[in-house]
Amino acid sequence: ADGPKFWEQGGVYQVYPRSFGDSDGDGTGDLMGVVAHSDHLKDLGVVTVWLSPIFKSPMKDFGYDISNYMAIDPIFGTMDDFERLVASLHRNGLKVVLDFVPNHSSNLHEWFTKSEAREGNYTDYYVWAEAKDYDKNNTPIPPNNWMSEFGGSAWEWSGIRGQFYYHQFLAEQPDLNYRNEHVKEEMKNVLRFWLDKGVDGFRVDAVKYLVEAQDLNLDEPTDSDNPELLHHIFTTNQPETFQILREWRELVDKYHEKVLMVEVYSEVEDVMKYYGNQSVPLAHFPFNFFMLEALNNRSTLNGYALKDTISLWLDYMPEGKWPNWVLGNHDNGRVASRLGKDMVDALNMVVLLLPGTPVTYNGEEIGMENTFISWEDTRDPEGCRWGPDHYQEHSRDPERTPMQWNDGHMAGFTNGNNTWLPINANYQEINVAAQKNATHSHLKFYQHVTEIRQEETFKKGKVTFPTYDDSTFSFIRSLEGHPSYLAVVNVATVNRTVNLHLGANFQLPDKAEMVIHSSTSVAKETPSGSTVFLDSLTLVAGEG
Ligand code: TEU
């Protein structure tokens with residue numbers, strides 16, 4: 001029972017089901033499409049497959065607006081398909097994690113309709129408030145200045161009820177009221193429902209927004225430098241949120257080895273609270289988005305930035321907890337587009353070989369790039385609300401386009417002739433089949449590093465950082481009685497020669513074994529002397 005838990009044994013792979021595989025030709029991915037590609041998931045060497053939401057939804061926010069938490073949306077398939085999917089992934093030795101979206105439901109959920117009509121227990125299922133006042137046109141004024149994450153007031157007037165309701169995201173995503181015991185019980189039933197179906201855990205969406213201050217008349221303070229910017233002291237990371245998370249952790253712990261990973265974009269001190277502590281564990285881990293934020297574009301990528309962002313997590317993480325590293329997801333641009341194609345393998349190597357769980361967004365293993373989406377094709381509500389001149393700065397569509405499986409019809413994503421978002425024009429060069437057949441490719445590299453990760457040193461060893469500067473980042477993994485590994489990444493845009501005698505705590509032996517010598521070559525070589533020509537990265541095994 002005390003061996004490593006499954007999430008400690010290998011990576012998490014995020015599947016965005018709308019864009020992974022389409023089995024029925026309607027242009028939108030579905031559950032049987034995931035089943036059809038389970039070989040790919042297995043071959044990658046990841047342990048856990050996290051599926052973005054697959055539940056009944058009007059799809060205003062592409063599944064993050066749920067109208068029935070215990071049903072599969074027909075666009076994705078049936079409950080039978082879901083059971084087939086779980087069986088198929090389990091048969092392949094993979095774990096299945098579902099996206100749990102507790103902060104808000106769809107406005108078309110029957111709970112909301114009943115709440116709006118003040119039906120019995122449902123009356124307080126959502127966060128309702130009186131108008132603060134009425135202006136001279138008799139338009140109701142919201143109770144406070146709280147803003148929606150997607151822009152504008154977080155309060156929407158309901159003419160039916162004659163009150164405002166609170167929505168942290170779209171008006172079609174009303175926030176549930178976690179001060180209501182019935183709501184808490186409903187959501188626990190949702191967790192039990194899926195756990196009883198054999199899922200292995202949950203990724204909890206937008207958890208920092210779960211509870212709001214009790215007093216809805218409080219305005220959030222504005223930033224002294226920017227009056228448009230609010231400090232979210234009443235809408236995020238409230239003490240009651242941690243109490244609820246604690247109850248969820250207790251619930252999942254009644255089952256055998258289930259994981260809770262939570263999504264929190266916040267200051268590091270606040271993010272760390274979601275781990276809980278030794279006596280009161282909360283999430284197994286909050287996602288580590290700091291690497292993603294620090295390495296937002298090539299100009300912010302250097303050895304110091306990498307070292308700092310990695311140390312930030314390791315230094316702040318509470319005693320006895322488990323780290324994780326996120327390079328991308330369905331809300332953030334592709335690594336190749338943000339940081340350059342030459343950084344895809346280097347960064348995959350870094351996250352795969354650091355201590356902790358690497359989290360890979362589908363397509364990153366083949367270095368997929370952001371897709372240009374015209375205004376006409378824009379679907380993401382966050383893009384749509386900015387209009388034709390500014391949607392590109394906000395839309396999340398570019399990283400959500402269909403997975404590129406091969407160079408055939410519709411990139412092998414669908415047999416149909418249309419897709420919900422366009423396929424990237426580069427699919428003939430960048431696709432899974434081509435990279436499987438090539439001697440060297442992002443995919444081959446990802447698989448190779450995943451294999452190397454099986455070494456005890458990477459599972460249990462410590463990490464140190466012998467040197468880092470503008471153009472180089474390096475780290476050493478070492479474990480008593482096992483070979484040490486030195487990883488060196490060239491973060492400069494030019495190829496150069498570096499000295500491998502980087503630090504006192506790594507002895508480069510005469511017969512050091514070159515495990516990886518670049519992203520395009522995985523052949524074993526011996527470093528000649530103590531320098532190595534570095535096109536992007538290298539990994540050397542030496543003595544501890
Ligand atoms: O995102 C929560 C979140 O904090 C977002 O504001 C995120 O910062 C934003 O998408 C960046 O553009 C989660 C989901 O990952 C996202 O896809 C959903 O839209 C959102 O919750 C609402 O459910």
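## Elements and model

Helices and strands here are DSSP runs, numbered from the N terminus: a helix (H or I) has at least four residues, a strand (E) at least two. The model is predicted.

## Domains

The chain divides into three parts. Domain 1 takes in 6-100 + 288-449. Domain 2 covers 110-166, and domain 3 covers 455-542. Between the C-alpha centres of domain 1 and domain 2 lie 35 Å.

## Ligand shell

The ligand is surrounded by 13 residues. Tyr64, Glu149, Phe169, Ala206 and Asp331 are the closest. By class, the shell holds 7 charged residues, 5 nonpolar and 1 polar.

## An open sheet

Three strands build an open, antiparallel sheet in the order β6-β10-β9. Its edges are β6 (128-129) and β9 (155-158), and each of these pairs on one side only.

Strand β10 spans residues 163-166 and is joined to β9 by 4 bridges. The two strands run antiparallel. Across this pairing, Glu156 stands opposite Tyr165 of β10.

## The largest nonpolar core

This core counts 132 residues. Which of them touch the most other members? They are Val49, Ala283 and Ala487. The biggest contribution from an element comes from helix α11 (residues 344-353), which gives 8 residues.

Leaving out residues up to four places away in sequence, Val49 touches Tyr13, Val15, Leu41, Leu89, Leu94, Lys95, Val96 and Val97.

## Helix α11

Is α11 largely enclosed or largely open? It is largely enclosed by the rest of the structure, because 10 of its 10 residues are buried. A residue counts as buried when 20 or more other C-beta atoms lie within 10 Å of its own. The buried residues include Asp345 and Asn348, along with Val344, Ala346, Leu347 and Met349. Val350, Val351, Leu352 and Leu353 are buried too.

## Positive phi outside glycine

Asn138 has a phi near 65°, positive although the residue is not a glycine. Asn138 sits in the loop between β7 (133-134) and β8 (140-141). Is Asn138 buried or exposed? It has 6 C-beta neighbours inside 10 Å, so it counts as exposed. The cut-off for exposed is 12 or fewer.

Glu257 also shows a positive phi, about 45°, and is not a glycine. Where is Glu257 found? It lies in the loop between α6 (239-253) and β12 (259-262). Glu257 has 13 C-beta neighbours inside 10 Å and therefore counts as partly exposed.

Definitions and conventions. Residues are numbered from 1 along each chain as its sequence is written. This is a predicted model: local features need pLDDT of at least 70, side-chain atom pairs count only at pLDDT 80 or more; totals for chains, interfaces and linings use all residues. A residue is near a molecule or strand if its C-beta atom, placed from the backbone, lies within 6 Å of it. Ala, Val, Leu, Ile, Met, Phe, Trp, Tyr, Cys and Pro count as nonpolar, Asp, Glu, Lys and Arg as charged, and the others, Gly among them, as polar. Domain bounds come from an automatic or database domain assignment. Two strands pair if DSSP finds at least two bridges between them. A nonpolar core is a set of buried Ala, Val, Leu, Ile, Met, Phe, Trp, Tyr and Cys residues joined through C-beta atoms within 7 Å. Two residues are in contact if their C-beta atoms, placed from the backbone, lie within 7 Å.
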